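Me: I have a structure open and want to talk through the fold. Can we go over it step by step?

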Amino acid sequence: MATATYTVKGMTCGHCVSSVKEEVGEVAGVTEVEVDLATGLLTVTSESPVDAAQISAAVEEAGYEVVNP
């Protein structure tokens, strides 16, 4: 198991959180996605390390930006 944390910029509501969770959850190998709206923290748990570029691309697909890829 691998866990990585990212900071997401631009989320303002529960719908934003759902969008990010849905997109990141579709990345191959990802087993769990947690998003904290108040802090903007995105925690991704996966079977093995996932390329940060894949996570960033999924967040961008949801309409937001990863601050620290």
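Reply: We can start with the overall layout and then turn to the helices. Keep in mind that this is a predicted model.

Me: Fine. How many helices and strands does the protein have?

Reply: There are two helices and four strands.

Me: In what pattern do they come along the sequence?

Reply: The pattern is β-α-β-β-α-β.

Me: What share of the residues count as buried?

Reply: Of the 69 residues, 38% count as buried.

Me: Now the helices. At what angle do helix 1 and helix 2 pack?

Reply: Helix 1, residues 14-25, packs against helix 2, residues 52-61, at about 140°. Their axes are 8 Å apart.

Me: So what do you call that arrangement?

Reply: Oblique: roughly antiparallel would need an angle over 145 degrees, and the two helices are therefore classed as oblique to each other.

Me: Which hand is the crossing?

Reply: Helix 1 passes helix 2 in a right-handed crossing.

Me: Which residues make the contact?

Reply: From helix 1, Val-20, Glu-23 and Val-24. Helix 2 contributes Ile-55, Ala-58, Val-59 and Glu-61.

Me: And by class?

Reply: Five of the contact residues are nonpolar and two are charged, with no polar ones.

Me: Last one. Of contacts between residues at least 6 apart in sequence, how many join residues at least 24 apart?

Reply: The share is 61%.

Conventions: Residues are numbered from 1 along each chain as its sequence is written. This is a predicted model: local features need pLDDT of at least 70, side-chain atom pairs count only at pLDDT 80 or more; totals for chains, interfaces and linings use all residues. Side-chain values use heavy atoms; hydrogens and water are left out. Axes are lines fitted to C-alpha atoms, for helices over the stretch in contact, and angles run from 0 to 180 degrees between N-to-C directions. Angles under 35 degrees count as roughly parallel, over 145 as roughly antiparallel, 65 to 115 as roughly perpendicular and the rest as oblique. A crossing is left-handed if the near helix is turned anticlockwise from the far one by less than a right angle, and right-handed if clockwise. Contact means heavy atoms within 4.5 Å. Ala, Val, Leu, Ile, Met, Phe, Trp, Tyr, Cys and Pro count as nonpolar, Asp, Glu, Lys and Arg as charged, and the others, Gly among them, as polar. Buried means under 20% relative accessible area, exposed over 50%, partly exposed in between (1.4 Å probe, protein chains only).
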